[in-house]
Amino acid sequence: MQLLYSPTSPYARKVRMVLIELGLDREVQQIACDPMGEAAKLAELVAANPLGKVPVLILTDGLGVFDSRVICDHLDRLAPSRGLIPIAGAHRDRVLATQALADGILDAAFSTVVERRRPPEERSASWLARWEAAIRRSVAAMRNENAGEAPRDLGEIATAVALDYLLFRLPSLDWQSTNPAMADWLAGACAWRSFGATRPPAGV
Ligand SMILES: N[C@@H](CCC(=O)N[C@@H](CS)C(=O)NCC(=O)O)C(=O)O
């Protein structure tokens, strides 16, 4: 299997953390690509995912599996003994809803990053304000037990990825000062091996 990813993509980071936590990282060749780069260099990416987005997992039969939630579900079924997604019941709903909240923060944050790169006269102040409000409400809604030595489930992985992406790309939001409990939780999550091994490169 191959994973097309970008080192700065938080959605790809979630998948890469899942690979490590499930002990599958050696079975998947990870190939870096820039989805926002030159169209001519993206033939392999768009062949695997017509949306032109990373991450994409290319299975041994050539099928491109996307998006990150579908990839995580696929990988989790390959390693049922570890299991990051509960098989059924209210616990499953909670884990998947936690992932959805974290991914929703990423959607708003990624849109903000892209919007801020446009010329000032083309930026939409109303969309930027709407995304910021959604991020602030969503971080305020986050709850977690103390971070253990390793993530308990996919919801915890997605939460750590989303909060760290905000620090990486939108530090001026300063979500920590209004959410100190989640800041403490993230400080604990920083010790996870999968978190440290997938940090985005500085200065990109
Ligand atoms: N919902 C998708 C989002 C993936 C996504 O937006 N990836 C970004 C990189 S962080 C991308 O490839 N963007 C390229 C584009 O929007 O054209 C997932 O969970 O995989």
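Pro 7, Thr 8, Ser 9, Pro 10, Arg 13, Val 161, Asp 164, Tyr 165, Phe 168 and Pro 200 line the largest cavity of this predicted model, a cavity being a set of points, on a 1 Å grid over the protein atoms alone, where a 1.4 Å probe fits but cannot get out, while a pocket is an open set with protein on both sides within 12 Å along at least five of seven lines, and lining residues have an atom within 4 Å of a point. Residues are numbered from 1 along each chain as its sequence is written, and side-chain values use heavy atoms, with hydrogens and water left out. Because the model is predicted, local features need pLDDT of at least 70 and side-chain atom pairs count only at pLDDT 80 or more, whereas totals for chains, interfaces and linings use all residues.

**The cavity**

- The structure holds 1 cavity of 30 Å³ or more, and the volume of the largest cavity is about 60 Å³, where grid points are joined across faces, edges and corners and a volume is the space filled by probe spheres set on the points.
- Helices α1 (10–21) and α6 (154–169) each supply at least two residues of this cavity's lining, with α6 giving the largest share, 4 residues; helices (H or I, at least four residues) and strands (E, at least two) are DSSP runs numbered from the N terminus.
- The lining of the largest cavity divides into 6 nonpolar, 2 polar and 2 charged residues, with Ala, Val, Leu, Ile, Met, Phe, Trp, Tyr, Cys and Pro counted as nonpolar, Asp, Glu, Lys and Arg as charged, and the others, Gly among them, as polar.
- Domain 1 (2–78) and domain 2 (89–196) each contribute at least three residues to the lining of the largest cavity, the domain bounds coming from an automatic or database domain assignment.
- Tyr 165, one of the lining residues of the largest cavity, is found in helix α6 and counts as buried at 5% relative accessibility, where buried means under 20% relative accessible area, exposed over 50%, and partly exposed in between (1.4 Å probe, protein chains only).
- Tyr 165 lies 9.4 Å from Ile 105, C-alpha to C-alpha, although the two are 60 residues apart in sequence.

- About 670 Å³ of space lies in the largest pocket, to whose lining α1, α3 (68–78), α4 (89–116) and α6 each give two or more residues.
- Of the 27 residues that line the largest pocket, Ser 9, Tyr 11, Lys 53, Val 54 and Phe 110 lie nearest its centre, and Ser 9 is also among the residues that line the largest cavity.
- Helix α4 provides the largest share of the lining of the largest pocket, 5 residues, and this lining comprises 12 nonpolar, 7 polar and 8 charged residues.
- As for the domains, the lining of the largest pocket draws at least three residues from each of domain 1 (2–78) and domain 2 (89–196).
- The second largest pocket has a volume of about 320 Å³ and is lined by 17 residues, of which Arg 94, Thr 98, Arg 143, Asn 144 and Asp 153 lie nearest its centre.
- Both α4 and α6 supply at least two residues of the lining of the second largest pocket, α4 giving the most, with 7 residues, and the lining divides into 6 nonpolar, 5 polar and 6 charged residues.

**Backbone features**

- The peptide bond from Val 54 to Pro 55 is cis, with omega near 5°, and Pro 55 is placed in the loop between α2 (43–48) and β3 (56–58).
- A cis peptide bond also runs from Phe 66 to Asp 67, with omega near 0°, and Asp 67 is placed in the loop between β4 (64–65) and α3.
- Asp 174, in the loop between α6 and α7 (175–178), has a phi near 45°, a positive value in a residue other than glycine, and is partly exposed, with a relative accessible area of 35%.

**Cysteines**

- A search of the whole structure finds 0 disulfides, a disulfide being a pair of cysteine sulfur atoms within 2.5 Å.
- The sulfur of Cys 33 is too far for a bond, because the closest cysteine sulfur, in Cys 72, is 17 Å away.
- For Cys 190 the closest cysteine sulfur is again in Cys 72, at 19 Å and therefore too far for a bond, and Cys 190 counts as partly exposed at 31% relative accessibility.

**Annotated span**

- The UniProt annotation "domain: GST N-terminal", from an unreviewed entry, covers residues 1–83; UniProt positions are given in the numbering used here, feature names are shortened, and annotations may be inferred rather than shown by experiment.
- In residues 1–83 the end C-alpha atoms lie 20 Å apart, and the span is 35% helix and 16% strand.
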